[in-house]
Amino acid sequence: MDDKYIITVKDLTKKFGSFIAVDKISFEVPAGEIFGFLGANGAGKTTAMRMLCGLSIPSSGTATVAGFDVYKQTEQIKKNIGYMSQKFSLYEDLTVKENIDFYGGVYGLSKEKRKEKTEFLIDLLKIEDAKNKLIKSLPLGWKQKLAFSIAIIHEPKIVFLDEPTGGVDPITRRQFWDMIYEAADRNVTVFVTTHYMDEAEYCSRISMMVDGRIAALDTPGNLKKQFGVETMHEVFVKLARPQSNE
Amino acid sequence: MRTILVILKKEFLQIFRNRAMIPLIFFMPIFQLLILSNAATYEIKNIKFNVVDLDQSHFSRELISKFTASNYFTLNEVSFSVENSEESFKKYEARLIIYIPKDFEKDFRTNGKSEVQFLINAEDGSAAGIINNYATNIVRQYNSEIITKSSIVPEKTALINVEFMNWYNPELDYKTYMVPGILVALVTMIGSFLSGMNIVKEKEIGTIEQLNVTPIKKYQFIIGKLMPFWFIGIGELIFGLTLGFFVFNVPLLGSPFLILLLASVYMFVVLGIGLLISTVTHTQQQAMFIAWFFMVLFMLMGGIFTPVESMPDWAQTIAYFNPVAQFNRAMRMIMLKGSQLKDVLPALYFFVIFSVVIMTLAVWRYRKSE
Amino acid sequence: MNRFLNFVWKEFLHIVRDYRTLLILFGMPIAQVLLFGFAITNEIKDAKIAILDFAKDNNTQEISNKLLSSGYFLLYENLQSQNDIEPAFRKGIIKEVIIFEPDFGKNIERTGTANVQIVADASDPNFANMLIGYTSSIIMDYQAELSKGKTLPPMINPEIKMRFNPNLKSVFMFVPGLMSVILLLVSALMTSISITKEKELGTMEILLVSPLNPFQIIVGKVIPYLLLALVNSAAVLILSKYVFEVPTVGSLPLLIAECTLFLVTALSLGILISTVSNNQQTAMMISLGALMLPTIILSGYIFPVENMPLPLQLLSNTIPAKWFIRIVKGIMLKGVTFSYIWQETLILAGMTVFFITVSIKKFKIRLE
């Protein structure tokens with residue numbers, strides 16, 4: 001195995017009964033990359049990501065994350081990754097501080113470290129006034145940014161983001177991506193699924209999923225060149241509806 | 001250890017944050033203990049009765065006066081037809097009708113024998129049995145009074161004196177019996193309902209996913225989820241016992257520490273059942289329904305309200321494997337009879353085995369990945 | 001109207017799809033009625049006793065045999081001395097000890113009087129009472145046998161007639177009670193949780209902006225449960241008739257109508273609970289934690305209401321199950337007509353109106 005790649009996936013497949021959600025996908029992700037996983041709803045993005053996080057056991061194929069096997073070493077994987085799901089992951093009935101403290105503790109940070117992190121994050125997100133407010137009283141954009149900060153609180157090697165910007169306004173989305181860049185600068189590998197095609201432009205490389213398979217995989221620039229179009233949106237339309245072009 | 005503490009803290013914060021739940025967890029059980037202990041009694045007093053006296057003689061009036069003079073009976077109405085009088089049964093106005101036929105006194109004087117009829121509303125079989133006892137006793141006493149007064153010297157017969165003693169509760173005070181039972185019921189309900197909803201709630205909201213991608217160990221998660229309710233359960237038990245002791249004067253003959261020992265293991269059984277339910281269900285509604293089913297089953301079959309000894313054999317065998325029945329029995333034994341460790345040892349062993357098995361099942365059934 | 005039926009259908013599908021809950025919803029009440037119908041009783045059978053016989057003569061042997069062949073008692077052990085009694089009770093198995101004095105038989109012959117002592121474990125007072133009653137009446141019978149042939153003094157003989165339940169079966173008392181407890185708790189629990197769930201998941205908002213009005217939404221959510229609960233009541237009635245031989249003396253249509261009324265009361269109580277709860281957990285704790293024991297204890301299901309202290313008797317009037325139990329027992333066991341139970345019916349109807357009015361008030365306040 002090549003050490004350069006922090007995620008390697010070979011022929012990974014997930015079946016639910018007779019339905020094949022993910023069909024023999026293969027790819028590698030080098031450390032420090034922002035790897036985008038694109039596709040329509042139901043294309044298999046989330047299922048693929050859940051297998052890599054150790055939340056779902058693959059039906060066949062192999063994959064390693066941070067050097068650990070997704071079948072046998074799911075708990076080691078979990079120590080090395082952060083995760084933020086499209087379902088909301090913070091406790092609505094706890095305050096900002098309590099949420100940070102809880103997740104920090106779950107990842108085994110010491111009390112001092114947790115305190116330090118809490119202050120750091122509150123400062124970073126400029127939410128000094130809201131630190132003792134319940135999560136449910138915060139606007140969605142703040143919640144998403146906080147959720148991301150908490151997902152990387154234990155400084156993981158990789159962070160998985162499952163449609164992290166669903167439902168937030170463009171400005172917050174921009175700020176959110178700034179945070180992703182900052183993380184990538186610290187050599188955190190970012191694995192992100194989205195169906196916003198403009199966000200695809202921000203990624204280092206893109207994998208396009210159609211019906212459980214990877215239809216294309218390259219940098220956004222190369223993809224646009226390959227399909228002879230100006231935007232990622234057009235790439236997506238061409239891939240997702242090939243029959244309409246023929 | 002640190003991880004467990006972190007989860008503990010979070011669970012406590014969430015419990016105390018939900019304003020609506022605090023009274024339900026803390027005051028409702030105590031309130032129920034206070035109220036319901038007074039209500040749960042089979043003791044029968046002031047039985048309302050009707051009289052249908054067709055004889056209207058000195059004898060018949062004297063017999064009726066024996067009933068009105070007793071503490072157990074209160075006269076409801078007098079009429080001259082049994083059919084009319086039975087209307088009272090239908091309207092829940094009386095439980096007993098005394099029917100005295102014509103020639104009641106005459107028969108007695110001429111034949112040395114006369115009949116009186118008691119009609120008892122026996123919808124409630126056990127109450128009817130008791131009413132029957134009281135009524136026949138009054139007649140028996142009246143009989144012997146007549147004999148003494150009439151200076152008839154009865155032939156010498158064998159006489160067996162029966163003396164009875166009610167140990168452990170000479171006043172036959174129902175509260176003494178019910179307080180431990182209701183306490184067991186309350187602690188069991190609180191523990192199982194709360195723990196039963198707990199994990200499945202995180203499933204429904206979606207936060208469980210976030211926890212599943214963390215390196216939390218299954219056992220840490222389960223212990224962290226469970227301990228808060230353990231503390232709440234034990235706390236309520238202690239409070240309830242204190243209340244029973246000082247307010248209801250329920251005796252505590254055995255050692256309070258023995259009760260605590262048993263209770264601390266028992267709580268794991270209850271919480272384990274709740275957690276297991278929580279791990280196999282998908283929604284809180286399902287979890288609650290299953291928890292409710294088992295709790296009603298365990299409680300009504302557990303001898304809290306009706307004695308296990310009265311149940312058919314198969315039900316008694318089930319009761320042997322019913323933790324609520326075991327704990328209920330042990331509590332009453334320790335509190336009311338001063339039973340010691342050696343007497344309740346089987347129950348203790350049972351709790352230890354049961355809790356280990358159910359916890360193992362819960363940890364095993366709880367999947368971090370599918 | 002079409003839209004409304006559509007909505008009811010959707011709710012119905014929700015319930016039917018969740019086959020686990022459905023299974024519990026149907027299987028559970030039936031299992032409970034079966035189990036409790038057989039198991040919950042106050043009757044005495046095979047109570048374990050110990051005998052401490054200092055005399056060991058013919059008379060004591062005859063009395064012991066009579067006791068043990070009665071079916072009420074089972075000999076657990078023979079004790080040797082007074083000191084054995086206390087430890088025997090502490091083990092928690094035996095419920096009564098019978099002590100015959102030394103020279104019991106000789107005393108009967110010589111003086112005509114002998115003594116027997118009954119010690120009962122009165123930690124359960126009711127059970128102790130019944131044990132003592134049964135034991136002493138068996139001994140009295142024996143005494144009468146001994147005196148046979150001798151002329152008896154004049155006396156009054158009571159004749160006992162047990163009305164409505166000649167064999168004093170506990171099941172006559174418990175089946176109607178069980179029915180109301182199960183129906184009340186199931187209905188209140190199901191409605192309160194399913195409505196709070198929509199609140200918690202935020203789907204209530206979506207329903208509220210739909211063209212359906214709030215009243216239709218609530219009714220629509222409740223109707224499927226009403227139908228399910230009716231099927232349940234029918235099952236319980238069939239069971240009690242064919243399995244427990246509890247007759248339905250009165251009118252069946254009247255009974256069904258009263259069941260429907262009670263279900264509506266229970267469902268409206270569920271709605272009320274859901275308007276005061278902010279999440280499922282709270283709803284559940286109110287409908288189970290707060291309702292279960294009071295319904296079991298204060299309704300007259302197990303403990304007769306008229307024996308309770310006056311304040312509690314007054315309190316018991318607020319328990320819907322109390323009224324329903326009176327209605328059911330009246331119709332099933334005594335065959336009463338509507339004229340006997342109109343008051344109870346009116347009270348249940350009044351409670352229903354009250355629950356619904358308060359719910360609507362609360363609901364409106366929240367919308368503003």
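First, the conventions. Chains are lettered from A and ligands numbered from 1 in the order in which they are written, and residues are numbered from 1 along each chain as its sequence is written. Because the model is predicted, local features need pLDDT of at least 70 and side-chain atom pairs count only at pLDDT 80 or more, while totals for chains, interfaces and linings use all residues; side-chain values use heavy atoms, with hydrogens and water left out.

I begin with chain C. Its secondary structure consists of 15 helices and 5 strands, where helices (H or I, at least four residues) and strands (E, at least two) are DSSP runs numbered from the N terminus. Chain C is more spread out than a compact globule, because its radius of gyration is 28 Å, well over the 21 Å that the globule rule gives for 368 residues. That radius is taken over C-alpha atoms, and the rule is 2.2 Å times the number of residues to the power 0.38. The C-alpha trace of chain C spans about 95 × 45 × 40 Å along its principal axes.

The domain assignment, which is automatic or from a database, divides chain C into domain 1 (47-163) and domain 2 (171-367). Taken over C-alpha atoms, the centres of these two domains of chain C are 47 Å apart. In chain B, domain 1 is made up of 2-40 + 171-368, and domain 2 covers 47-149. The corresponding C-alpha centres in chain B lie 49 Å apart.

Chain A has 10 helices and 10 strands. What radius of gyration does chain A have? The value is 18 Å, which agrees with the figure near 18 Å for a compact globule of 246 residues. Its C-alpha atoms fill a box of roughly 60 × 40 × 35 Å along the principal axes.

Turning to burial, 57% of the 368 residues of chain C count as buried, and in chain A buried residues make up 55% of the 246. Buried means under 20% relative accessible area, exposed over 50%, and partly exposed in between (1.4 Å probe, protein chains only).

Next, the contacts between chains, a contact being heavy atoms within 4.5 Å. Of the 2 pairs of chains in contact, chains B and C share the most contacts. Chain A and chain C are joined by no contact, and their closest C-alpha atoms lie 11 Å apart.

Where is Arg95(B) placed? The residue sits in the loop between helix 4 (82-90) and strand 3 (96-100) of chain B. With a relative accessible area of 14%, Arg95(B) is buried.

Val324(B) belongs to helix 13 (residues 323-337) of chain B. At a relative accessible area of 2%, Val324(B) is also buried. Val324(B) and Ala185(B) are 139 residues apart in sequence, yet their C-alpha atoms are 7.8 Å apart in space. Neighbours within four places aside, Val324(B) is in contact with residues among them Val184(B), Thr188(B), Tyr266(B) and Phe298(B).
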